[in-house]
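Okay, everyone, thanks for coming. I'd like to walk you through one model today, so let's get it up on the screen.

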Amino acid sequence: MAPSRPLMRGIRPPRVFPTRAGRASPYAIALTALLLVSAFLLALLAFGVFSLPVSAPSAATTNAAGGETESADARPSRPRARRDLGVGLGDRGAQWTEVISWEPRAFVYHNFLSKEECDYLIGLAKPHMVKSTVVDSTTGKSKDSRVRTSSGMFLQRGRDKVIRAIEKRIADYTFIPVEHGEGLQVLHYEVGQKYEPHFDYFLDEFNTKNGGQRMATLLMYLSDVEEGGETIFPDANVNSSSLPWYNELSECARRGLSVKPKMGDALLFYSMKPDATLDPLSLHGGCPVIKGNKWSSTKWMHIHEYKA
Ligand SMILES: *[C@@H]1O[C@H](CO)[C@@H](O)[C@H](O)[C@H]1NC(C)=O
């Protein structure tokens, strides 16, 4: 029987790198190692295990509530997060999200708008303010009211670049598409003006024809208010007297969970519970302005597309 050695030699794989001594040279080993390391790094990049710091060393990350979490030291020179590329006005500073209540579900997005964006919205609305109305629950039509004494106006959805940027941002933070939102409403409250506690959801057929029920509201504060003008949730399941800002609140605002207006901050709350039933704890109102002026802007969001 012939020895098997010659056959084995015949199927030996061909050498990639020709060598003098029949063994891999240090050069070939180094090159192979380099190739393997490159392939490994490329694989890590491809699977997103790490990323190259291209131009966003402090790129914003998104937390569960949809807000951006950034370190406070990231200031004007910081590159913008990808979602903000080329949109919006001015610098918004550091953003963080605060959960203020789970019953109702309510969150404050700090520095949601820049000062420039607040001024822009006020500037657009100011020449067109009219006395606010409320919806008549029997006819579904607008009517004058003593419970709501502010003035306001609607800004057409997507009417310009800045509005589109803000509406995109609202959709990004709330996970509710831009198409589900009504046009932004800008409101102005002078000293003594208020909005008595009410629900944002509808109990009539007429107002739910377009887009179905209102599920959430984003209320943006466009100005600081020296005194009063807080947004209050009188029935919230929160021990409000234990909150750190309780002592800064007006008398009216101490009757429940309240948010003090601060320029650029936004208050998101849901009028519906996660099981899609209406949430009566979402009852809310605007306390009377005691000193100063209150400007705010509201985005109502529906469960279906809202034809604007
Ligand atoms: C609410 O908080 C205040 C202040 O921390 C405390 O004195 C009070 O007992 C609390 N009330 C309830 C019902 O827990």
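First, some housekeeping. This is a predicted model, and local features need a pLDDT of at least 70, side-chain atom pairs count only at pLDDT 80 or more, and totals for chains, interfaces and linings use all residues. Residues are numbered from 1 along each chain as its sequence is written.

On confidence: pLDDT is the predictor's confidence in each residue, from 0 to 100. The protein chain averages 84, and 76% of the residues score at least 70. Residues 55-86 are where the pLDDT is below 50, and beyond near neighbours in sequence that stretch has 35 contacts in the model. Where pLDDT is low, the predicted coordinates should not be read in detail.

Now the overall picture. We've got four helices and 18 strands, taken as DSSP runs numbered from the N terminus, with helices being H or I of at least four residues and strands E of at least two. Of the 308 residues, 31% are buried. Buried here means 20 or more other C-beta atoms within 10 Å of a residue's own, exposed means 12 or fewer, partly exposed is in between, and the C-beta atoms are placed from the backbone.

So what order do the strands take in the open sheet of eight? It goes β3-β4-β15-β11-β18-β9-β8-β5, with antiparallel pairing; two strands pair if DSSP finds at least two bridges between them. At the edges sit β3 (96-102) and β5 (130-131), each pairing on one side only. Over at the β3 side, a hairpin of two residues takes the chain into β4, and six bridges hold that antiparallel pair, with Glu98 partnered by Val108.

Let's move to β18, residues 294-302. Five bridges join β9 to this antiparallel neighbour, and among the partners are Leu187 with Ser296 and His188 with Trp295. With β11 there are seven bridges, again antiparallel, and Leu218 stands opposite Lys299. Seven of the nine residues of β18 are buried, so the strand is largely enclosed by the rest of the structure.

What about the largest nonpolar core? A core is a set of buried Ala, Val, Leu, Ile, Met, Phe, Trp, Tyr and Cys residues joined through C-beta atoms within 7 Å. This one has 45 residues, and those touching the most other members include Tyr109, Met220 and Leu268. β11 gives the most to this core, six residues. Take Met220: leaving aside neighbours within four places in sequence, Met220 is in contact with Phe112, Leu113, Ala266, Ser296 and Ser297, where contact means backbone-placed C-beta atoms within 7 Å.

Last, the helices. α4 (residues 161-174) lies across six strands of the sheet, including β11, running at about 125° to β11. For that angle, axes are lines fitted to C-alpha atoms, for helices over the stretch in contact, and angles run from 0 to 180 degrees between N-to-C directions. Arg169 belongs to α4, and Arg169 is buried, with 23 other C-beta atoms within 10 Å. Arg169 and Phe112 are 57 residues apart in sequence, yet 8.6 Å apart in space, C-alpha to C-alpha.

Terms used: Contact = placed C-beta atoms within 7 Å.
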